[in-house]
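Hi,

Here is the structure I promised to pass on. Have a look at it first, and then read my notes below.

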Amino acid sequence: MSELIHNPASAAYDLDKYLAFELNGASYSISISIVREIMEYIEVDKIPMAPDFIIGAINLRGLVIPVFDLSVRLNKPAQPNTNRTCIIVAECNYKAQNITVGLKVDMVTKVLDIPAHEIDQVPSIAGQFHSRFVYGLAKLTDNLMTILDITKILTLDDVQLFDDLQQHNKQLALELTLDSDPAHSYEER
C-alpha cells in the first residue's frame, strides 16, 4: 500500500522566497518561511561541553535558543564579529519536533524570489563535495546561490542539547518564581 507522506520541512521549499546572507565571502540562502526574525548580534552565553559550532545560547523573550556559528558548522573558519554580524532566528521541524535556533551569519543581504524550477540538486562529485547541508543550487542571473537545508544542520545530539536547555530554562524559571513568592520563603533559624 502506497502512502503519501507530507513533510512540512520540505513543503517550506515550495515557496519562492529566500533570505540571502553571507558567510566567509560566499552567498547562501534559506527559505524565508522558516525565518522568525533577524537580530543584531548580541552577547551569547557559553554552553559547557557544546560542540565547537554552537557558540552558546540566548534568552529571547523567555525562550532559550542555541546559537550556531554557521561558518564553523559548514567547516569554514569562524569570522570575527562586525557591525553587520547578525543572528537569524529560524524555526524548523526536525524529527517531529519544532526547533528554534539562532544562526550567526556575517551579514544578511536581501530577500530573493527564486522559482522552484530554477533550483537544481547538488551534483555528486565522487565524494569530493559534501552536500549534506545543501537543499539545492539556485541559478541566478550572474551566479549560483547555495540554498541550505537547516534541518540537515541539526543532529540528534543537537536536539538532545536543545531539550536539555529547555529543561534547564524551565527549572530556572520555577526557582525564580519560588524565590520571589513570599508564601514560599523560609524563615532563617
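First, a term: a charge sits over a ring if NZ of Lys or CZ of Arg is within 6 Å of the ring centre and within 35 degrees of the ring normal. Arg73 does this over the face of Phe53, 4.1 Å from the ring centre, and Lys104 does it over Tyr41 at 5.9 Å.

Some background: this is a predicted model, where local features need pLDDT of at least 70, side-chain atom pairs count only at pLDDT 80 or more, and totals for chains, interfaces and linings use all residues. Residues are numbered from 1 along each chain as its sequence is written, and side-chain values use heavy atoms, leaving out hydrogens and water.

Now the rings. There are 2 aromatic pairs (Phe, Tyr or Trp rings, six-membered for Trp, with centres within 6.5 Å; planes under 30 degrees apart are stacked, over 60 edge-to-face, the rest tilted). Phe21 and Tyr28 are stacked, because their centres are 6.4 Å apart and their planes sit at 25 degrees. Phe53 and Phe68 are tilted, with 5.5 Å between centres and 35 degrees between planes. Phe53 is in the loop between β3 (35-40) and β4 (54-60) and Phe68 is in strand β5 (residues 63-69), so this pair ties together parts 15 residues apart in sequence.

Cheers

Technical notes
Helix = DSSP H or I, 4+ residues; strand = E, 2+ residues; numbered from the N terminus.
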